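Here is a walk through one protein structure, taken contact by contact. Keep the sequence and the model side by side as you read.

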Amino acid sequence: MGKDVIVACDFASGEKTLEFLSKFGEEKPFVKIGMELYYAEGPSIVKAIKERGHKIFLDLKLHDIPNTVKKSMAVLRELDVDMTNLHAGGGIEMMKAAVEGLTREDGTRPILIAVTMLTSISQEVMENELGITGGTVADTVMKYAKNAKAAGLDGVVCSPLEAETVHTACGREFLTVTPGVRFADGDVGDQKRVMTPAQANKIGSDYIVVGRPITAAADPVAAYRRCVREFVGGEE
Ligand code: C5P
C-alpha cells in the first residue's frame, strides 16, 4: 500500500471538474468525487474521470439499514471506483453488509473506509443532540474505528491528529485518510485544525485529501506536485 495525495474535486459541475483535470495532462492524480458533484452529474461523471485514467474515491457516506446499503454498494461496485465510504454510525451489521455488497465475484473490492464522528460535531452536540454520553468525541471516534475494523473495513476518514491513535488502536495496516491539510505558507480557510503534508506523513496518514490548496491555487499542477513531494517524499 502506497501513500497518496487525493485531490478533492469540490466543483459544482462535471464540466468544471474535467476542465480542471485537463490541466494535469498525462499526470493522473487520485480524485475525490463528493456528493455535490455526484448528485449534480450522476454516475456519468465517475465514468468520465475513470476513462481519463484517474483513481477515484467516491465520497458518498452511505448510512441506511444494512439491506439498503448492501444493495446500493452493489450498484456502486459496477462503477469500479478505487475507494468509497459510509458512516460508521450505521453499526457493525450495516458495515458488514456494505463489504458484501461491494465485493466483486472474484473476491476483490474497492477500498472501503468509514466516517467516524463528523468533525462538525462538538462534544456538546454529541451529548445533548445525539445522546452519546459517557466519553469524549475522541472516545467515540476510537469506538467507531474499532467497529469499522471488526466489520472488515479497511480504514477510516479522520483528522490527521487522530491518525496515530487510530493506528495504535486498530493496527498499522488499518488505513487513515485525512483531510485538513494545508501548506505551511498557505491559507487555512475554514479548517480549524490543520497539518502540513510533511507533518501528516510523519504521524502516519496513509492518504491525505486536499482540496482548495490545490484546486484554488494559481498553478494547481505545481501545488499538487508540491503536495506529493512533501507528503510522499517527506520533504519539509
Ligand atoms: O478544501 P479542503 O482541503 O479543506 O477540502 C477538504 C476536503 O475534505 C473537502 O472535500 C471536505 O468536504 C473533506 N472533509 C473535511 N473534513 C472532514 C471530512 C471531509 O474537510 N472531517
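The side chain of Asp206 makes a polar contact with the side chain of Arg172, at 3.3 Å. Note that the model is a predicted one. Asp206 has another partner too. Its side chain reaches the backbone nitrogen of Thr176 at 2.8 Å. Where does Asp206 sit in the chain? Look in the loop between α9 (197–202) and β8 (207–210). Is Asp206 buried or exposed? Its relative accessible area is 0%, so Asp206 counts as buried. Now compare positions along the chain. Asp206 and Thr178 are 28 residues apart in sequence, and their C-alpha atoms are separated by 7.9 Å.

Next, the salt bridges. How many does the structure hold? The count is 13. One of them joins Asp80 to Arg104, with the closest N and O atoms 3.2 Å apart. This pair links distant parts of the chain, 24 residues apart. Asp80 belongs to the loop between α4 (66–77) and β4 (83–87). Arg104 belongs to the loop between α5 (92–102) and β5 (111–115). Asp80 has a relative accessible area of 38%, so it is partly exposed. Arg104 is also partly exposed, at 25% relative accessibility.

Move on to helix α11, residues 220–231. Here the side chains of Arg226 and Glu230 meet in a salt bridge, 2.8 Å from N to O. Why are the two separated by about one helical turn? Because they are four residues apart in this helix. Their surroundings can be read from accessibility. Arg226 is partly exposed, at 24%. Glu230 is buried, at 8%. The cut-off explains the two labels: buried means under 20% relative accessible area.

Arg226 has a further contact. Its charged end sits over the ring of Phe183, 4.1 Å from the ring centre. So far, then, Arg226 has been seen with Glu230 in a salt bridge and with the ring of Phe183.

Another salt bridge brings together the side chains of Glu235 and Arg229, 3.3 Å from N to O. Glu235 is partly exposed, with a relative accessibility of 41%. Arg229 is partly exposed as well, at 40%. Salt bridges can also join into a network. Lys32, Asp59 and Lys61 are linked in this way.

Now turn to the aromatic rings. How many aromatic pairs does a search of the whole structure find? It finds five. Among them is the pair of Phe24 and Tyr224. Their ring centres are 5.6 Å apart. Their planes stand at 85 degrees, so the pair is edge-to-face. Which parts of the chain does this pair tie together? Phe24 lies in the loop between α1 (14–22) and β2 (30–33), and Tyr224 lies in helix α11, so the linked parts are 200 residues apart in sequence.

Are these two residues buried or exposed? Phe24 is buried, at 4% relative accessibility. Tyr224 is buried too, with a relative accessible area of 7%. The pair also belongs to a wider group. Ring pairs link Phe11, Phe20, Phe24 and Tyr224 into a cluster.

Finally, go back to helix α11 in the model.

Notes. Residues numbered from 1 in each chain as written. Predicted model: local features only at pLDDT ≥ 70, side-chain atom pairs only at ≥ 80, totals over all residues. Heavy atoms only, no water. Buried < 20%, exposed > 50% of the residue type's maximum accessible area, 1.4 Å probe, protein only. Polar contact = N/O pair within 3.5 Å; in protein donor to acceptor, adjacent residues only side chain to side chain. Salt bridge = Lys/Arg side-chain N within 4 Å of Asp/Glu carboxyl O. Phe/Tyr/Trp six-rings, centres within 6.5 Å; stacked < 30°, edge-to-face > 60°. Lys NZ or Arg CZ within 6 Å of the ring centre and 35° of its normal.
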